[in-house]
Amino acid sequence: QAKKAGKNTFEFFYSKERHSLIDPLTMEMDLHKAVERDELVLHYQPKVSLKSGKIVGAEALIRWFHPQIGMISPAEFIPIAEETGLILPIGEWALYTACRQVKEWMKKGLSIVISVNISTTQFVQSNFVTSIERILTETQVEPQCLEIEITESVSADIEHTITTLHGLKKLGVRISIDDFGTGFSSLNYLKQFPVDTLKIDQSFIRELYKNPNDETIVKTIISMAHNLNLTVVAEGIETKEQLVFLQQYFCDEGQGYLISKPLSVGELQAAIDKVESIVEQNGISQDKNE
Ligand code: C2E
Ligand code: MG
Ligand code: MG
Ligand code: MG
């Protein structure tokens, strides 16, 4: 199906899983159907407190299970979704799905913050704040349980960005700047943004213990965040050395393959159930009124 290779001059996408090629036009057509065919799935990567080691949140990361190609990573299809406007229904689906999931977890007694990635195209819609409000109402999720992750690229229209961020703050949702340090926003803008969290880009974490410049950058971001009263998160923690470095410099939270890769709902549930049953079997028995 997805094999029009060689017929045109487009860039082709390579799927590691199935060693097949898919051209952007085919991908675009298939992506149109993906939402209604239920081919999109959210995986959840735990986010832990680097102080307590406890899970404090999870980041929703989208995956597309294409019927012929297998799993396609968001790095491949999100850019196409953005170009075609499909990011709007897909982004809305992701917000709904993540909120419904966090509600499920809440019912089971697991209280965590869910982080959802928001594309700039979504963020700049004039109805973005009202759509978040509607989703929170419909799913009955407490606003402080939802964190939206935006990138520095939203700040192109500074006035609109500030208005939107204040609208979100008024709702009570949390705001995180993802991939921090890779964008072009000035610190003067940052000062005006009512954000809660800076998430240090994984490119700076990768070279900790190897590249002194990256160590300096990471230390600087952490202390700047703390001086601005912001929470600071490190993404892409893969080694023990990186973890120790971040703890030594008081980075608040972390995510990465060392801690956990993104998990399906079932996998995350299994991990939670395992912990619960250990507590149930070994701990003091709770009264079971519920
Ligand atoms: P991101 O938000 O910066 O997410 C971090 C990416 O790093 C994820 O890739 C995650 O799986 C990966 N990662 C986590 N831990 C490690 C690690 O220890 N080492 C390495 N090398 N990578 C790690 P993923 O899931 O492929 O997502 C890529 C990007 O796609 C995300 O970057 C985000 O910008 C975008 N994305 C994902 N889901 C959505 C969504 O629902 N909506 C929008 N608009 N964008 C999304
Ligand atoms: Mg993110
Ligand atoms: Mg990131
Ligand atoms: Mg990224």
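This is a predicted model: local features need pLDDT of at least 70, side-chain atom pairs count only at pLDDT 80 or more; totals for chains, interfaces and linings use all residues.
Residues are numbered from 1 along each chain as its sequence is written, chains are lettered from A and ligands numbered from 1 in the order in which they are written, and side-chain values use heavy atoms, without hydrogens and water.

**Shell of ligand 1**

Around ligand 1 there are 22 residues, of which Arg63, Asn117, Gln202, Glu238 and Tyr257 come nearest; a residue is near if one of its heavy atoms lies within 4 Å. The shell comprises nine nonpolar, six polar and seven charged residues. Strand β4 contributes four residues, the most of any element. Polar contacts (pairs of N or O atoms within 3.5 Å) include those in the table.

| Residue and atom | Atom of ligand 1 | Distance |
|---|---|---|
| Glutamine 45, polar side-chain atom | nitrogen | 3.0 Å |
| Glutamate 235, side-chain N or O atom | oxygen | 3.3 Å |
| Tyrosine 257, backbone N or O atom | oxygen | 2.8 Å |

The protein covers 83% of the 810 Å² of accessible area that ligand 1 has on its own, by the Shrake-Rupley method with a 1.4 Å probe.

**The pocket**

A pocket is an open set of points on a 1 Å grid over the protein atoms alone, where a 1.4 Å probe fits, with protein on both sides within 12 Å along at least five of seven lines; lining residues have an atom within 4 Å of a point. The volume of the largest pocket is about 1000 Å³. Its lining numbers 37 residues, with Glu59, Leu61, Pro74, Asn117 and Asp178 closest to the centre.

Technical notes. A polar contact is a pair of N or O atoms within 3.5 Å; within protein, one must be able to donate a hydrogen and the other to accept it, and residues adjacent in sequence count only if both atoms are side-chain atoms. Helices (H or I, at least four residues) and strands (E, at least two) are DSSP runs, numbered from the N terminus. Ala, Val, Leu, Ile, Met, Phe, Trp, Tyr, Cys and Pro count as nonpolar, Asp, Glu, Lys and Arg as charged, and the others, Gly among them, as polar. Grid points are joined across faces, edges and corners, and a volume is the space filled by probe spheres set on the points.
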